[in-house]
Amino acid sequence: MKKICIIGGGISGLTTAFLLKRKGFAVTVYEASAAAGGNIQTIRKDGFTIEQGPNSLLKAPRLIDLVRLLDLEKKVIAAAENANKRYILADGKLEAMGPKSFVNGYFSLGTVFSLIREPFVRSKSPENESVADFVTRRLNAEFLDKAIDPFVSGVYAGDPRNLSMRSAFPKLYEMERDFGSLIMGTLRRKVEKPDPNFPKTFSFEGGLKTLIDALAAEIGDGLHLSTPVGSIETLENGKFSVNGAEFDAVVVSTPSYVAADLIGNRDERLARLLGGVNYPQVAVVVFGVESSKIEKTLDGFGFLIPSKEKRPILGTLFHSAVFPERAPRGFQLLMTFVGGVRAGKQLDEKSDAELKTLVAAELSKIIGLRGEPDFVHIKRWKRAIPQYRVGYEEVTKACADFEKRNAGLYFCSNFYRGISMSDCVKNAFETAGEIESFLSR
Ligand SMILES: Cc1cc2nc3c(=O)[nH]c(=O)nc-3n(C[C@H](O)[C@H](O)[C@H](O)COP(=O)(O)OP(=O)(O)OC[C@H]3O[C@@H](n4cnc5c(N)ncnc54)[C@H](O)[C@@H]3O)c2cc1C
């Protein structure tokens with residue numbers, strides 16, 4: 001039986017291992033930490049179910065396939081209907097975003113016209129265009145500041161001025177390339193549609209950890225926790241040696257700064273590129289609060305803050321409004337994100353007590369939080385999310401070239417071809433397929 005080693009037990013590595021095992025290969029996952037899941041870290045405390053990293057999933061075809069292969073459909077929890085309502089902070093007040101934002105004065109008439117004009121903008125994305133330049137070229141600066149900037153904060157904790165349009169939002173980039181317009185692309189693009197009966201935004205009973213536990217159970221004793229990998233050697237017979245065992249193929253599913261060390265002996269240039277990827281710091285400050293202490297009705301997914309507002313937080317998710325079972329009856333669970341690219345290293349200087357005070361003061365102004373939170377939990381991510389900065393295509397291309405030159409070695413991780421969990425799962429399906437055809441040659 002062919003043997004495959006997967007280095008890193010986050011969603012990318014675990015999904016690849018699970019799919020390969022189903023195809024009949026012997027899989028070994030080496031995970032450095034004592035728990036599987038990587039960024040996915042659900043914990044339970046005082047009756048609250050807390051997501052310390054990602055909080056929910058957006059449906060996508062391969063993600064639904066995975067849920068069904070794991071027989072997890074019965075544990076899927078759909079987000080509450082009002083999760084579609086998303087707020088943006090504008091001049092210190094929460095504004096619900098939606099079609100009405102174009103008629104109620106949130107966007108100026110200039111932005112409304114720029115949308116009408118968008119299908120007629122003939123220019124095409126030049127090489128190395130940032131998200132900010134793409135949006136101002138096709139729409140305008142106001143749409144960038146009031147809609148895209150907070151969205152980019154919410155997804156990447158990043159800055160649209162230095163993220164690559166092509167790498168960070170490839171679907172939108174391709175719409176312009178293939179249809180000459182985002183609006184025409186949205187209308188005419190043929191894409192595989194996910195099952196309409198599956199909830200759009202979802203999680204699981206017990207949180208996202210349920211997905212990780214199911215994958216870990218399927219992989220069984222092939223999963224080795226607290227087992228870091230320091231190197232990948234090639235043997236004389238062409239196979240690979242990892243942690244003293246022999247494998248026919250190896251998948252690197254670690255963050256890029258670890259991948260850099262693992263492949264450094266084979267490709268110094270790629271190691272430099274991978275080592276240079278920026279992962280900003282982010283703190284997730286979780287408050288459990290008695291509902292009566294919050295003036296605002298929490299009737300949406302949460303709010304994001306455009307950088308023009310100059311506030312010390314990125315935004316807050318009304319997590320128990322989306323998934324009520326996450327908090328005991330009569331309480332709300334709020335997740336506030338602090339840090340990101342613009343904050344640089346400022347988070348290091350703040351103690352947990354300072355973070356708590358800062359978030360409580362912001363939530364008091366924005367949603368009318370009165371008094372102290374009843375429960376506080378803080379998770380600090382020293383290196384949160386890889387930034388696909390302008391020029392990132394060089395990293396992606398170097399990874400693809402490396403895979404071509406080093407038969408049997410693969411990358412499947414969030415620094416390569418998408419950071420969302422559904423991207424990671426889609427890439428795992430592709431990687432497992434490629435390995436299967438490589439090993440059956
Ligand atoms: C705060 C936060 C919020 C997010 N919110 C969302 C969200 O709501 N929705 C969404 O879709 N995505 C979200 N994301 C992004 C998403 O969670 C990640 O992109 C995804 O989980 C990455 O999975 P991965 O397996 O590629 O990498 P990771 O999860 O980073 O896993 C890599 C694994 O490799 C292990 N490892 C490292 N070094 C070694 C070594 N030497 N040997 C062996 N193992 C090693 C690590 O311990 C880790 O377990 C969020 C991310 C963060 C940080």
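User: Which strands does helix H5 lie across?
Analyst: In this predicted model, helix H5 (residues 141-156) lies across strand S7 (86-90), strand S16 (302-304) and strand S17 (315-318). The helix runs at about 110° to S16.

User: And H13, what does that one touch?
Analyst: Helix H13 (residues 352-367) packs on the sheet and touches S7, S8, S15, S16, S17, S18 and S19. Its direction makes about 60° with that of S15.

User: In what order do the strands of that seven-strand sheet come?
Analyst: The order is S8-S7-S16-S17-S18-S15-S19. The sheet is open and its pairing is mixed.

User: Which strands stand at the edges?
Analyst: Strand S8 (93-97) and strand S19 (375-381) do. Each has a single partner strand, so one side of each has no neighbour in the sheet.

User: How are neighbouring strands turned against each other there?
Analyst: On average they are turned by 25° against each other, with direction ignored.

User: Take S15 and S18. Parallel or antiparallel?
Analyst: Strand S15 (residues 282-290) and strand S18 (residues 331-339) pair in the antiparallel sense, and nine bridges connect them. As a point of reference within this pair, Phe287 stands opposite Leu334 in S18.

User: Now the five-strand sheet. What is its order?
Analyst: The five strands follow the order S10-S2-S1-S14-S20. This sheet is open too, and its pairing is parallel. At its edges are strand S10 (223-224) and strand S20 (409-411), each of which pairs on one side only.

User: How many bridges join S1 to S14?
Analyst: Four bridges join strand S1 (residues 3-7) to strand S14 (residues 249-252), and the two run parallel. Ile4 is found opposite Ala249 in S14.

User: Let us turn to helix packing. At what angle do H1 and H15 cross?
Analyst: Helix H1 (residues 11-22) and helix H15 (residues 421-439) cross at roughly 40°, and their axes come within 8 Å. H1 is therefore oblique to H15. The crossing of the two is right-handed.

User: Which residues make that contact?
Analyst: H1 contributes Ile11, Ser12, Thr15, Thr16, Leu19 and Leu20. From H15 come Met421, Cys424, Val425, Asn427, Ala428, Phe429, Thr431, Ala432 and Ile435. By class, the contact of H1 with H15 has 10 nonpolar and five polar residues, with no charged residues.

User: H2 packs on H15 as well. At what angle?
Analyst: Helix H2 (residues 61-69) and H15 pack at about 75°, with their axes 8 Å apart. That angle makes H2 roughly perpendicular to H15.

User: Which residues are involved there?
Analyst: Arg62, Leu63 and Leu66 of H2 make the contact with Ser422, Val425, Lys426 and Phe429 of H15. This contact of H2 with H15 divides into four nonpolar, one polar and two charged residues. Val425 and Phe429 of H15 also take part in the contact with H1.

User: What about H10 and H11, how do they cross?
Analyst: The axes of helix H10 (residues 256-263) and helix H11 (residues 268-275) come within 7 Å, and the crossing angle is roughly 165°. H10 is therefore roughly antiparallel to H11. Their crossing is left-handed.

User: Which residues meet in that pair?
Analyst: Ser256, Tyr257, Ala259, Ala260 and Ile263 in H10 meet Leu270, Ala271, Leu274 and Gly275 in H11. Seven residues of the contact of H10 with H11 are nonpolar, two are polar and none is charged.

User: Last topic, the domains. Where do they run?
Analyst: The domain assignment gives domain 1 as 3-40 + 207-276 + 388-439 and domain 2 as 104-120 + 129-188. Taken over C-alpha atoms, the centres of domain 1 and domain 2 are separated by 32 Å.

User: How many residues does each domain bring to the contact?
Analyst: Domain 1 brings seven residues and domain 2 brings seven residues. On the side of domain 1 that touches domain 2, three residues are nonpolar, two are polar and two are charged.

Technical notes
Residues are numbered from 1 along each chain as its sequence is written. This is a predicted model: local features need pLDDT of at least 70, side-chain atom pairs count only at pLDDT 80 or more; totals for chains, interfaces and linings use all residues. Axes are lines fitted to C-alpha atoms, for helices over the stretch in contact, and angles run from 0 to 180 degrees between N-to-C directions. Angles under 35 degrees count as roughly parallel, over 145 as roughly antiparallel, 65 to 115 as roughly perpendicular and the rest as oblique. A crossing is left-handed if the near helix is turned anticlockwise from the far one by less than a right angle, and right-handed if clockwise. Two residues are in contact if their C-beta atoms, placed from the backbone, lie within 7 Å. Ala, Val, Leu, Ile, Met, Phe, Trp, Tyr, Cys and Pro count as nonpolar, Asp, Glu, Lys and Arg as charged, and the others, Gly among them, as polar. Two strands pair if DSSP finds at least two bridges between them. Domain bounds come from an automatic or database domain assignment.
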